[in-house]
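Subject: The structure we talked about

Hi,

Here's the structure I promised to pass on. Have a look at it first, then read on for what turned up.

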Amino acid sequence: MSDGSVEFQAAARARAWSIPLDEINVADPELFRTNSFWPYFERLRKEAPVHYQKEHEFGPYWSVTKYKDIMAVEINHAAFSSEPAITIVDPEEDFRLPMFIAMDPPKHDAQRKVVSPIVAPENLAKLQGLIRERVGKIFDSLPRDEPFDWVDRVSIEITTQMLATLFDFPWEDRRKLTYWSDMATAGPASPLWISPEHKRGVLYECAEYFIGLWNQRVNAEPGNDLISMLAHGESTRNMERMEFLGNLILLIVGGNDTTRNSISGGLLALNQNPAEYDKLIANPALIPNAVSEMIRWQTPLAHMRRTATQDVELGGHTIRKGEKVIMWYVSGNRDEEAIENADAFLIDRARARQHLSFGFGIHRCVGNRLAELQLKIVWEEILARFGKIEVVEQPERVPSSFVKGYSRMMVRIPS
């Protein structure tokens, strides 16, 4: 199956290659909702790999679209700061949410160190059996021979159950985590969007709920959950309310959106490439490599932002101090100069983990091994139970240039 009509995608491609370069705005959420951004990035990689967009609702920005240039920005955190934000949207003056991913060393390093034990190898080994048990129960509850929404029944449920475990969050309220994650990244194009005031109100509700959990755990013995780790961590136990909320949002979104959308995106990719699906069914030993290819292919976070701390040369251009620099992971993961046959989905690809979806350097996704483990177990359990799971209609995509994901994907499991 293909994404959208042939005519629509052909028209998008014609427009992408015909409009003036300075009119290309790859941060337009509508391009992501319609999955029509690919030819724009293809053109930028070819003609303007470091591209200045001077007019945008959130201010001018530089687009970095090639793998090597993205890596150059990633590793130079002295010249390219993560503060004040990791998305193209600037924080509001009266609603700033500090979080360690949007900090520079040494504070970034100290706060990240507090939560990193949750995804240490010994803890992942303990979680493995629990993940498999829960995934199995979810799959055993799915209907046969009738359409259902894979995003809601599988992708959201698996990742939300995992998040609830990592936070030791009340089980019956776990879907609040999904809602808060979706609201945290929602912009005006989102169906969830009502107003900036409404969004703030929802995030304040999130803060109040977690403050209740914090108050319980700060006076108890240190536990092996994220709230307890934050409450007892030397560099996090005295956080202001907004910094606490910021780090919560980071952990919720990081633990939810990425894995969830790779679970959906992986199934879609296999449906779009049936020969690869056959290859996986014939050889389940390919699952770990296939998981890395799914994460590359999906690229669940399309971009990350940095801000220049000084005038710096990149790709023959001078980026001025204070200017926004957007690293388009979704484009770097399709860069033919860095990844051979990058537009092909190949589950037995050599060096499949050589992708940008987790970032690189000091800000590399802290939970990347947990994400890979969940996806590995998901596909082991799918292949143990089902033949091919069929995507029966075009998925509905999230209207966002940050979270590259799905809001609905109807599938059918033949009996």
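Is E380 buried, partly exposed or exposed? With a relative accessible area of 23%, E380 is partly exposed, since buried would mean under 20%. Bear in mind that this is a predicted model.

E380 also has a partner: K376 makes a salt bridge with E380, and their closest N and O atoms are 2.8 Å apart. The two are four residues apart in helix 15, so about one helical turn separates them. K376 is partly exposed too, at 24% relative accessibility. Both belong to a network of salt bridges that also takes in R132, D140, E381 and R385.

The count of salt bridges comes to 38. Another one joins the side chains of R260 and D182, at 3.1 Å from N to O. R260 sits in helix 11 and D182 in helix 8, so this pair ties together parts 78 residues apart in sequence. R260 counts as buried, with 6% relative accessibility.

Then there's K388 with D278, where the closest N and O atoms are 2.7 Å apart. K388 is in the loop between helix 15 and strand 9, while D278 is in helix 12, so the pair links parts 110 residues apart in sequence.

Now for the nonpolar side. The largest nonpolar core has 112 residues, and F139, W150, F167, F210 and W379 touch the most other members. Helix 11 gives the most to this core, with 13 residues. Apart from it lies another core of 18 residues, including F41 and A302.

Cheers

Technical notes. Residues numbered from 1 in each chain as written. Predicted model: local features only at pLDDT ≥ 70, side-chain atom pairs only at ≥ 80, totals over all residues. Heavy atoms only, no water. Core = buried A, V, L, I, M, F, W, Y, C linked by side-chain atoms within 4.5 Å. Buried < 20%, exposed > 50% of the residue type's maximum accessible area, 1.4 Å probe, protein only. Salt bridge = Lys/Arg side-chain N within 4 Å of Asp/Glu carboxyl O.
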